[in-house]
Amino acid sequence: MSLDYAILGFLREQEMSGYDLKTLCFDHDVEHVWSADQAQIYRTLERLEQRRLVSARVQRQHSRPDRKVYALTSRGAEELDRWAATPAPLRPVRDPFLLQLRFAAGLPYDDTLGLLRSRRAELQRRLGHLRERLASERRGESRDAVLHRLTLESSIASVRADIDFIDGALETLTHLMEQERSAASDVQPRLFVPHTVG
């Protein structure tokens, strides 16, 4: 349902087509907090139009096919404000990476450490992207600009925390691996030397 309200929010800012919503909004503006594919966006727009939360008009284009442009209705604005004022529940936790980590005991240490290093590199790339986005954001003090920056700052803090966790996990597992290898090398096999009577 959050997709419904994200679309209502973007349409409050300006009229847009489904394509505009995908490319300008979900692929850029809020890609750090919400993703949506083109089919989901069009299905949601149809549902919102049926509920009279948005209206649509056909926009004629000279060199391209006509396009459908959507606008927020007053009923849609009321629904958006009602949703924005309602505390959101904590999101359910579904993290495939942590599930993999939980059951990685059967892997060699090097594989598990490789998994963690790969995740860290991916998080570092994401952190760099988010920091670039934040640096390029408009620095206006309007409430909209400040709230948008806060969503980016929250995403940055979350990725930073994930990187800190990975660093700690790498340190812990490396220490454990060294302890196990040291213990294994301390156990010397006893050689059988036959006793000779002479």
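Trainee: What is the handedness of the crossing where α1 passes α2?

Mentor: In this predicted model, the crossing of α1 and α2 is right-handed. The residues that make the contact are L3, A6, I7, F10 and L11 on the α1 side, with L21, C25, F26 and D29 on the α2 side. Sorted by class, that contact holds eight nonpolar residues, no polar ones and one charged residue.

Trainee: How should I describe the geometry of such a pair? At what angle do α1 and α2 pack?

Mentor: Here is the general idea: a packed pair of helices is described by the angle between the axes and by the distance between them. In this case, α1 (residues 2–13) packs against α2 at about 110 degrees, and the axes are 12 Å apart. That angle makes the two helices roughly perpendicular, because angles of 65 to 115 degrees are given that name.

Trainee: Let me try the next pair. Which term describes α1 and α3, roughly perpendicular or oblique?

Mentor: Start from the numbers: the axes of α1 and α3 cross at roughly 80 degrees and come within 10 Å. The helices are therefore roughly perpendicular to each other. From α1, the contact takes in L3, D4, I7, L8 and L11; from α3, it takes in Q40, I41, T44, L45, R47 and L48. The classes here are seven nonpolar, two polar and two charged residues.

Trainee: And how do α2 and α3 cross?

Mentor: Helix α2 (residues 18–29) and helix α3 (residues 38–50) have axes that come within 9 Å, with a crossing angle of roughly 125 degrees. They are therefore oblique to each other, and their crossing is right-handed. G18, Y19, L21, K22 and F26 of α2 meet Q38, I41, Y42 and L45 of α3. This contact has six nonpolar, two polar and one charged residues.

Trainee: How does R160 compare against the cut-offs, and what is its relative accessible area?

Mentor: R160, in helix α7 (residues 143–186), has a relative accessible area of 28% and is partly exposed. Not counting residues up to four places away in sequence, R160 touches L127, R131 and D167. For a sense of spacing, take R126: 34 residues separate R160 from R126 along the chain, and their C-alpha atoms are 9.8 Å apart.

Trainee: Which residues is T73 in contact with, apart from neighbours within four places in sequence?

Mentor: R52 is one of them, together with L53, V54 and S55. T73 itself belongs to the loop between β2 (67–72) and α4 (74–84).

Technical notes: Residues numbered from 1 in each chain as written. Predicted model: local features only at pLDDT ≥ 70, side-chain atom pairs only at ≥ 80, totals over all residues. Heavy atoms only, no water. Axes fitted to C-alpha atoms, helices over the stretch in contact; angles between N-to-C directions. Helix = DSSP H or I, 4+ residues; strand = E, 2+ residues; numbered from the N terminus. Parallel < 35°, antiparallel > 145°, perpendicular 65-115°, else oblique. Left-handed = near helix turned anticlockwise from the far one by under 90°. Contact = heavy atoms within 4.5 Å. Nonpolar A, V, L, I, M, F, W, Y, C, P; charged D, E, K, R; others polar. Buried < 20%, exposed > 50% of the residue type's maximum accessible area, 1.4 Å probe, protein only.
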